[in-house]
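Look at the sequence and the 3D structure below. Then read on for a short tour of selected features.

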Amino acid sequence: MIKIRNLVKRYERLTAVDNLTLDIEENEIFGLLGSNGAGKTTTIHMLATLLKPTSGTATVNGFDIVHQPAKVRESIGIVFQAPSSDDMLTGYENLYIHSLLYSLPRSIRQKRIEEVLELVGLSDRKNDRVKTYSGGMRRRLEIARGLLHKPKVMFLDEPTLGLDPASRETMWKYIRRLVEEEKITVILTTHYMEEADMLCNRIGVIDKGRIIALDTPTNLKAGLGGDIIRIKTQASNAEEIAKGFDFVHKLEYENGFMVLSVKDAKRDLPVLLKQIEAEYADFTSPTLNDVFIRLTGRNIKEAPEGGFSERFAKYD
Amino acid sequence: MPNTTDLQVHLAKLYAIWLREFKVFLREKSRLVASTFTPILWLFVIGSGIGSTVSVPSAPDLDYQKFIFPGIISMSIIFTSVFYGSYIIWDRKFDFLKSVMVAPVSRGTVFVGKTLGGMTNSLIQASILLVIGASIGISFNPVFILQAVAVILLLSFGLTSLGLALGSYMYSLEGFQMIVSFVVFPLFFLSGALFPLDNLPAWLSVLTAIDPATYGVNALRTTILDIESNNLAADLAILTAYTAALGIFGVYSFRRMKAV
């Protein structure tokens with residue numbers, strides 16, 4: 001659905017996107033995960049034809065982003081980081097104006113507007129002014145707006161930035177729903193690990209303008225070498241038994257715990273506990289955060305950007 | 001020639017841009033009230049205050065308040081149009097413009113739609129002032145009104161274009177203040193809205209001649225006050241040329257404006 005080849009965006013003193021090559025498949029939720037300033041938004045802006053690449057190319061729905069911008073625009077919907085609906089207008093009016101901008105035929109205009117409102121759960125608030133909406137509702141309206149013209153691809157730039165946890169989960173529900181009901185490809189950027197993990201079929205970890213890892217969340221985590229089991233036991237033969245299982249990669253002691261590296265703790269722990277008399281046992285699985293730290297040597301920053309649009313973004 | 005459907009699609013997009021501007025205008029009542037109040041204040045306070053001590057040499061039987069009435073209408077157009085245009089800085093800050101620019105709509109269409117919005121605003125405000133004019137003894141006839149509306153739309157188109165063009169180069173809200181100080185007030189003061197242009201020092205004459213609003217003020221004065229001495233045809237020709245030039249400058253600036 002999207003083919004990116006050697007895409008570069010260079011500013012005077014900064015290379016925001018550095019030789020990016022990437023394929024995004026049809027009907028997947030693809031996550032671009034990275035810290036602030038990693039080049040996520042710049043990439044999205046180039047794919048949406050709002051920004052010209054310094055070099056390289058990309059096609060969206062088969063159309064070239066530099067040479068066929070009009071075709072690309074008809075193929076995509078986009079929700080920006082900062083609010084982009086007009087808060088003086090009602091939800092319905094916002095959608096109506098965009099239905100004109102996207103040349104929806106008069107005969108289906110009304111029906112399609114009702115349809116997308118229903119999809120994002122805003123039908124009962126459609127005649128209220130957007131300024132009375134909560135942050136999550138407003139962003140859902142913008143998703144509805146992006147869907148009006150039945151695009152093939154939807155870009156969501158930090159779709160849950162600044163939302164409270166409950167609104168965030170609601171938002172995830174609607175994003176999944178739109179992939180199912182509208183048969184659409186979603187590319188979202190996020191710096192929330194949990195979001196990437198819960199929502200995305202595949203994740204591209206982006207750092208300093210480059211993709212440094214690309215896989216499913218499960219595989220990315222598996223790449224770290226599996227789960228860690230901790231067992232507290234008095235049994236003298238515990239170590240011997242544990243070493244007898246070939247799913248145990250590594251065995252160490254730490255603070256009186258026996259610490260085992262295993263492939264899949266949910267299956268391996270019960271097997272171990274049948275043989276070893278334990279006083280206490282627990283396990284941890286690697287998170288995407290561990291993956292990110294391994295890849296970049298840094299923790300992803302959870303703080304939102306301090307830019308103007310964030311400070312003025314009235315999302316909750 | 002585009003066929004009918006193409007034209008309809010194009011006009012629908014233009015209508016969409018204008019509709020948004022118009023609805024926002026109607027709902028921002030405080031802005032409408034405030035920007036109508038200021039010219040009224042000028043008309044009555046400056047008009048009566050200064051009018052009590054001066055008279056206009058070239059038209060001794062015309063009182064000062066009536067003399068500046070067309071100037072005050074121009075003032076309202078200058079402020080409304082340039083402010084309206086440069087409001088584009090805000091639109092860009094708040095990502096609304098991005099959502100329009102990512103739609104399959106040409107920059108030219110967005111520009112014209114916004115200009116029509118500015119002209120609508122100016123016309124509504126000027127109409128309110130024209131009605132108030134009746135209370136200071138301005139008499140109207142249908143021909144004057146039609147002429148005045150034409151001048152108002154022409155001037156407003158040019159100045160909204162100017163505001164949009166300047167706004168498209170500005171990336172911070174401080175730019176808005178620059179436009180107020182270095183564009184809006186000079187346009188207003190140099191237009192002859194408040195004084196006759198007959199006996200000015202040479203340096204000031206040159207500046208007033210450069211100001212496009214001068215020709216709007218002059219044309220309005222001719223139509224509204226029915227002063228024969230002014231050359232309406234010449235004023236309209238120069239104003240039209242200015243407006244066309246500003247329109248072209250505006251479209252050019254808008255096309256090269258960065259979307260993000």
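## Two helix pairs in chain B

Helix α6(B) passes helix α7(B) in a right-handed crossing. A crossing is right-handed if the near helix is turned clockwise from the far one by less than a right angle, and left-handed if anticlockwise. This is a predicted model, where local features need pLDDT of at least 70, side-chain atom pairs count only at pLDDT 80 or more, and totals for chains, interfaces and linings use all residues. Residues are numbered from 1 along each chain as its sequence is written, chains are lettered from A and ligands numbered from 1 in the order in which they are written, and side-chain values use heavy atoms, with hydrogens and water left out.

α6 spans residues 107-133 of chain B, and α7 spans residues 142-169 of chain B. Helices (H or I, at least four residues) and strands (E, at least two) are DSSP runs, numbered from the N terminus. The two axes come within 8 Å and cross at roughly 135 degrees. Axes are lines fitted to C-alpha atoms, for helices over the stretch in contact, and angles run from 0 to 180 degrees between N-to-C directions. α6(B) and α7(B) are therefore oblique to each other. Angles under 35 degrees count as roughly parallel, over 145 as roughly antiparallel, 65 to 115 as roughly perpendicular and the rest as oblique.

Which residues meet here, in α6(B) and α7(B)? On the α6(B) side they include F111(B), M119(B) and L130(B). On the α7(B) side they include V149(B), F157(B) and L164(B). Contact means heavy atoms within 4.5 Å. The residues of this contact divide into 10 nonpolar, 6 polar and 1 charged. Ala, Val, Leu, Ile, Met, Phe, Trp, Tyr, Cys and Pro count as nonpolar, Asp, Glu, Lys and Arg as charged, and the others, Gly among them, as polar.

Now take α2 (residues 29-51) and α3 (residues 64-86) of chain B. Their axes come within 9 Å and cross at roughly 155 degrees. That makes α2(B) roughly antiparallel to α3(B). The crossing of α2(B) past α3(B) is right-handed. In α2(B), W42(B) and F44(B) are among the residues that meet α3(B). Y64(B) and F69(B) are among their partners in α3(B). This contact has 11 nonpolar, 6 polar and no charged residues.

S191(B) sits in the loop between α8 (174-189) and α9 (202-210) of chain B. Is S191(B) buried or exposed? S191(B) is buried, because its relative accessible area is 1%. Buried means under 20% relative accessible area, exposed over 50%, and partly exposed in between (1.4 Å probe, protein chains only). Apart from neighbours within four places in sequence, S191(B) contacts D211(B), A213(B), T214(B) and V217(B).

H10(B) belongs to helix α1 (residues 4-27) of chain B. H10(B) is partly exposed, at 40% relative accessible area. H10(B) and S106(B) are 96 residues apart in sequence. In space they are 9.4 Å apart, C-alpha to C-alpha.

## Positive phi in chain A

Most residues other than glycine have a negative phi. N19(A) is not a glycine, yet has a positive phi of about 60 degrees. N19(A) lies in strand β2 (residues 14-24) of chain A. With a relative accessible area of 41%, N19(A) is partly exposed.

E158(A) also has a positive phi, near 50 degrees. E158(A) is in the loop between β7 (153-157) and α6 (165-182) of chain A. E158(A) counts as buried, at 1% relative accessibility.
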